[in-house]
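Dear colleague,

I am passing on a structure that will be new to you, and my notes on it follow below.

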Amino acid sequence: MTDSERSGETTTVTKKGVGAAATRGRTTIADGVVEKIAGMAARDVVGVHAMGSGLSRTLGAVRDRVPGGGGKAGVTRGVKAEVGEVQTALDLEIVVDYGVSIADVAGAVRENVIAAVERMTGLEVVEVNIAVSDVKLPDEEEDEPESRLQ
């Protein structure tokens, strides 16, 4: 019998290479990554017509038509994230379809965004603020300007 067995002590042996992986480095997540995830999750909700204000959507539509000018802007339009080491806060600006319950759509957006961001990043979402900037009427045309380019 060993001395530790006689005294009732237990000894834990950690093998080299085994242990908490989190203690072996740092992972940082850029604001833009969280904004993309949140933007995609918000757009998945039925009743969300678009993201961003009318001006940002118009400017984005023009930028998207210029070669090399589009890209991530469309996905992150209407989304602003503040990312810390373990938490994030989000501000979203949405346009809803006419006839839907704005409270229900906002709640569904909030739930979907929180679930997606927390699942994909491991960050705690402390708040999701939603601003409804417009309602898309059935007979309204899209705000995108006509293009002379084809």
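Which residues of the largest nonpolar core touch the most other members? They are Leu 90, Leu 92, Val 109, Val 113 and Val 117, out of 24 residues in that core, where a nonpolar core is a set of buried Ala, Val, Leu, Ile, Met, Phe, Trp, Tyr and Cys residues joined through side-chain atoms within 4.5 Å, and buried means under 20% relative accessible area with a 1.4 Å probe, protein chains only. Among the elements giving two or more residues to this core are helix H2 (31–43), strand S3 (87–97) and H5, and the largest share, six residues, comes from H5.

Please keep in mind that this is a predicted model, in which local features need pLDDT of at least 70 and side-chain atom pairs count only at pLDDT 80 or more, while totals for chains, interfaces and linings use all residues. Residues are numbered from 1 along each chain as its sequence is written, and side-chain values use heavy atoms, with hydrogens and water left out.

The chain has five helices and four strands, taken from DSSP runs (helices H or I, at least four residues; strands E, at least two) and numbered from the N terminus.

Thr 121 belongs to helix H5 (residues 102–121) and is buried, with a relative accessible area of 16%. Its side chain reaches the backbone oxygen of Val 117 at 2.5 Å, and a polar atom of that side chain lies 3.1 Å from the backbone nitrogen of Leu 123.

Best regards

Methods. Buried means under 20% relative accessible area, exposed over 50%, partly exposed in between (1.4 Å probe, protein chains only). A polar contact is a pair of N or O atoms within 3.5 Å; within protein, one must be able to donate a hydrogen and the other to accept it, and residues adjacent in sequence count only if both atoms are side-chain atoms.
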